[in-house]
Amino acid sequence: AEWGRLQGFSAIPWQLKALFGILSDTLAVRGLHRSPYLILGGLLGFTGALMLTVLPASMLPAAGLALLLLLCNLNVAMGDVVVDATIAVKCRE
């Protein structure tokens, strides 16, 4: 049961993909719509993966593990949103 909750929590970025897409389309950061979100997702995912690699398993409670896995999934989901948006723009041209 605990593993199921951990998986469900860490998959939250995939349920929020539409929100990420709307956010990146409407809220520009320094005039850029996609790059900042891709970089932010990459940095968060890298941080999560690095912590999973460096921290011993005995130091990670289930909640900490779930948070780090959420960051890793956020990286992939953000990248997927950016790629989908870029393809949509290129198809309209």
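**Entry 1: a term to settle before looking**

A crossing of two helices is called left-handed if the near helix is turned anticlockwise from the far one by less than a right angle, and right-handed if it is turned clockwise. I wrote this down at the start, and I also noted that what I have open is a predicted model.

**Entry 2: the whole protein**

I looked up the secondary structure and found five helices and zero strands, so that from the N terminus on the elements run α-α-α-α-α. Taken along the principal axes, the C-alpha atoms fill a box of roughly 50 × 25 × 20 Å. Of the 93 residues in the protein, 26% are buried. I then turned to contacts with a separation of 6 or more, and found that residues 24 or more positions apart account for 70% of them.

**Entry 3: α3 against α5**

Which hand does the crossing of α3 and α5 have? I found that the crossing of these two helices is right-handed. Helix α3 covers residues 17-26 and helix α5 covers residues 62-92, and they pack at an angle of about 55° with their axes 9 Å apart. An angle that falls in none of the ranges for roughly parallel, roughly antiparallel or roughly perpendicular counts as oblique, and α3 and α5 are therefore oblique to each other.

I listed the residues that make this contact: α3 brings Lys17, Phe20, Gly21, Ser24 and Asp25, while α5 brings Leu74, Ala77, Met78, Asp80, Val81, Asp84 and Ala85. Sorted by type, the residues of the contact of α3 with α5 are six nonpolar, two polar and four charged.

**Entry 4: α4 against α5**

Next I checked α4 and α5, which pack at an angle of about 150° with their axes 8 Å apart. Because angles over 145 degrees count as roughly antiparallel, α4 is roughly antiparallel to α5. The crossing of α4 and α5 is left-handed. On the α4 side the contact includes Tyr37, Leu38, Gly41 and Leu44, and among the α5 residues they meet are Leu65, Leu68, Leu74 and Met78. The residues of the contact of α4 with α5 divide into 14 nonpolar, six polar and no charged.

**Entry 5: the nonpolar core**

Which residues make up the largest nonpolar core? I found five in all, namely Phe20, Tyr37, Leu74, Met78 and Val81, and α5 gives the most to this core, with three residues.

Is Ser10 buried or exposed? Ser10 lies in helix α1, which spans residues 2-10, and Ser10 counts as buried because its relative accessibility is 6%, where the cut-off for buried is under 20%. Not counting residues up to four places away in sequence, Ser10 touches Ala66, Leu69, Leu70 and Asn73.

Gln7 also has its place in helix α1, but at 42% relative accessibility Gln7 counts as partly exposed. I noted that Gln7 and Ala66 are 59 residues apart in sequence, and that their C-alpha atoms are 7.4 Å apart in space.

**Entry 6: Arg30**

Last, I looked at Arg30, which lies in the loop between α3 and α4, the latter being residues 35-54. Phi of Arg30 is near 55°, which is a positive value in a residue other than glycine. Arg30 has a relative accessible area of 84% and is therefore exposed.

Definitions and conventions:
Residues numbered from 1 in each chain as written. Predicted model: local features only at pLDDT ≥ 70, side-chain atom pairs only at ≥ 80, totals over all residues. Heavy atoms only, no water. Helix = DSSP H or I, 4+ residues; strand = E, 2+ residues; numbered from the N terminus. Buried < 20%, exposed > 50% of the residue type's maximum accessible area, 1.4 Å probe, protein only. Contact = heavy atoms within 4.5 Å. Axes fitted to C-alpha atoms, helices over the stretch in contact; angles between N-to-C directions. Parallel < 35°, antiparallel > 145°, perpendicular 65-115°, else oblique. Nonpolar A, V, L, I, M, F, W, Y, C, P; charged D, E, K, R; others polar. Core = buried A, V, L, I, M, F, W, Y, C linked by side-chain atoms within 4.5 Å.
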